[in-house]
Amino acid sequence: MKCGSADSDSVDDGRETEVRFSPASGSGEVRGILHPSRGPTLAGLAVTHGRSNDMRNAFVKRFTEAAAETGLAALRMNFRYVDEKGRASKDLSREEDDLRGAVRYLRKDVGNGPLFIAGKSMGARVCARASSDPDVAGMIALGYPLHPQFRPQVRNPPEWPLIAKPTLFVQGDQDPFCDLGRLREELSRLPGPHDLVVIRAAGHSFEPRGEKRDTFPEVWDAVLTWIEGRIPVG
């Protein structure tokens, strides 16, 4: 599957549809792109972006396309501040409201199937806040920004206590925002089920360090295996 550019998109092939929906609070409008499942819908997945990009980010787009190809109804979304040309809220509560709205919107395409949320970088922090939503079966953190860049001594990641569902962490082993030693220490404090997959020689956005390679298949294989293990059989 080819990866699109960070500032391009396509919604003219019948496989993607631009959608608009309300945040959970009911006030305002959130924009997203829905990728219907290619075949029977096994589960749903809402995908969020990092602080400095949006739903057209190449990784986010490729991730959502891969989800649709494997039986998931997948929705990538913009946080409202992107379309407003503003900034994320200080405590990410507004972005949590947006994501919870996406969960409600996606539920109609999933029926009674499980629904997962995934976030890249800051989006993973938003997923932590929204993980207590009763419709969320689990969350996927893609490059969790555990601490400021190159400052693992900064403690107490603010959203950590809010993680309420089974969680998969996928991390590059050379991510300056997430020291693996610190991450493993924090993981031991989570009360619920959690898994960690480390992508070798990869940075914060899973960009390869050293040898040139495409790390995306490694990331997606880990995510798909984890999701499949949480979809009821029959």
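Q: What makes strand 3 largely enclosed by the rest of the structure?
A: In this predicted model, six of the six residues of strand 3, residues 43-48, are buried. Buried means under 20% relative accessible area, so strand 3 is largely enclosed by the rest of the structure.

Q: How do you know which faces of strand 3 are covered?
A: Look at each side in turn. Ala43, Leu45 and Val47 lie on one side and are buried. Gly44, Ala46 and Thr48 lie on the other, and they are buried too. Both faces are therefore covered.

Q: Why is strand 3 said to pair with strand 4?
A: A pair needs at least two bridges. Five bridges join strand 3 to strand 4 (residues 72-77), so the two strands pair. They run parallel, and Gly44 stands opposite Ala73.

Q: What makes the crossover from strand 3 to strand 4 right-handed?
A: The chain goes from strand 3 through helix 1 to strand 4. With the strands pointing away from the viewer, a clockwise path counts as right-handed, and this β-α-β crossover is right-handed.

Q: How do you know that strand 5 pairs with strand 3?
A: Five bridges join strand 3 to strand 5 (residues 115-120), and at least two are needed, so they pair. These strands also run parallel, with Gly44 opposite Leu115.

Q: Which residues lie nearest the centre of the largest pocket?
A: Ser121, Met122, Pro145, Phe177 and His204 do, out of 25 lining residues. The lining divides into 11 nonpolar, nine polar and five charged residues.

Technical notes. Residues numbered from 1 in each chain as written. Predicted model: local features only at pLDDT ≥ 70, side-chain atom pairs only at ≥ 80, totals over all residues. Heavy atoms only, no water. 1 Å grid on protein atoms, 1.4 Å probe; cavity = no way out; pocket = protein on both sides within 12 Å on 5 of 7 lines; lining within 4 Å. Nonpolar A, V, L, I, M, F, W, Y, C, P; charged D, E, K, R; others polar. Buried < 20%, exposed > 50% of the residue type's maximum accessible area, 1.4 Å probe, protein only. Helix = DSSP H or I, 4+ residues; strand = E, 2+ residues; numbered from the N terminus.
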